[in-house]
Amino acid sequence: MQRPHPEKYNEIMLAAACLFAAKPFHAVRLEDIAASAGVGKGTLYVYFRSKDDLYIGLIRDGFAKVVGRVREGLGLASGSEARLGVIVGELVDFAFSYPDLFRVMRSGSFTADDVELQRSRQELTEVVTGVIREGNASGELADPFPELTAQFLLSFVRGAALYPPAGLTKDGLRQHVLRVILGGVAAGRVA
């Protein structure tokens, strides 16, 4: 009986991300994923029960990576603006480093019923909300709706990373999201 190997698992996940990002879920076959990963189809069953299990596992892994990166970065930053910069920087870096996985993670295809996945998504939102609340408490920020702003921040990164204007760079996206979140777009006036 075959035993799981981290290298094979990673190869399978990279292949799956590439295929699921390029085609609708129903058009991706396990045979295609196995061939792309350079393994036999039976090897997939060492790691996953089904195509659905692989797909949801892929998204779970992606969110776990993002949350881990954000939490690690936040441990090195102080001050609300710097901490929001870490969050945006990690999200943008992840989106640019793993574009296929990011696209699949943001697709939302039939994952609403997965409790573990919803917990990871909620954890990411709560981390952002917590930083904004801390900024409110310290007087660095004045946001009456931290939960809504957290959703905006996540949506800004998602939208721009998935549908970027021509020439958008990683640093340009990071700076722009922070500028909009921290200062808005009005020229010197408060709404």
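Tutor: One term to start with: accessible areas come from the Shrake-Rupley method with a 1.4 Å probe. With that, the accessible surface of this protein comes to about 10,500 Å². Keep in mind that this is a predicted model.

Student: What share of that surface belongs to carbon and sulfur atoms?

Tutor: Carbon and sulfur atoms account for 55% of it.

Student: OK, and how many helices and strands are there?

Tutor: The protein has nine helices and zero strands. Reading from the N terminus, you get α-α-α-α-α-α-α-α-α.

Student: What box do the C-alpha atoms fill?

Tutor: Roughly 65 × 35 × 30 Å, taken along the principal axes. The protein has 191 residues, and 40% of them count as buried.

Student: What about contacts along the chain?

Tutor: Take the contacts between residues at least 6 apart in sequence: 69% of those join residues at least 24 apart.

Student: Switching to charges. How many positive and negative side chains are there?

Tutor: There are 22 positive and 22 negative ones, and the centres of the two sets lie 4 Å apart.

Student: How many salt bridges does that give?

Tutor: The count comes to eleven salt bridges. Glu123 and Arg71 make one of them, with their closest N and O atoms 3.0 Å apart. That pair links distant parts of the chain, since Glu123 sits in helix α7 and Arg71 in helix α4, 52 residues apart.

Student: Why does Arg83 count as buried?

Tutor: Buried means under 20% relative accessible area. Arg83 has 16%, so it counts as buried.

Student: Which residues are linked in a network of salt bridges?

Tutor: Arg69, Glu90, Asp93 and Lys170 are.

Student: New topic: which residues form a nonpolar patch on the surface?

Tutor: Phe145, Leu148, Phe152 and Phe156 do, with about 390 Å² of accessible area together.

Student: Where is Phe145?

Tutor: Phe145 lies in the loop between α7 and α8.

Student: Last one: what is Ile181 in contact with?

Tutor: Ile181 is in helix α9. Leaving aside neighbours within four places in sequence, Ile181 is in contact with Leu84, Thr149, Phe152, Leu153 and Phe156. Phe152 and Phe156 are also in that nonpolar patch.

Student: How far is Ile181 from Arg83?

Tutor: In sequence they are 98 residues apart, and in space their C-alpha atoms are 13 Å apart.

Terms used: Residues are numbered from 1 along each chain as its sequence is written. This is a predicted model: local features need pLDDT of at least 70, side-chain atom pairs count only at pLDDT 80 or more; totals for chains, interfaces and linings use all residues. Side-chain values use heavy atoms; hydrogens and water are left out. Patches are made of residues with over 30% relative accessible area and no salt bridge: like charges are joined within 9 Å, nonpolar side chains (Val, Leu, Ile, Met, Phe, Trp, Tyr) within 5 Å. A salt bridge is a side-chain nitrogen of Lys or Arg within 4 Å of a carboxyl oxygen of Asp or Glu. Helices (H or I, at least four residues) and strands (E, at least two) are DSSP runs, numbered from the N terminus. Buried means under 20% relative accessible area, exposed over 50%, partly exposed in between (1.4 Å probe, protein chains only). Contact means heavy atoms within 4.5 Å. Lys and Arg count as positive and Asp and Glu as negative; His and the chain ends are not counted. The place of a charge is taken as NZ of Lys, CZ of Arg, CG of Asp or CD of Glu.
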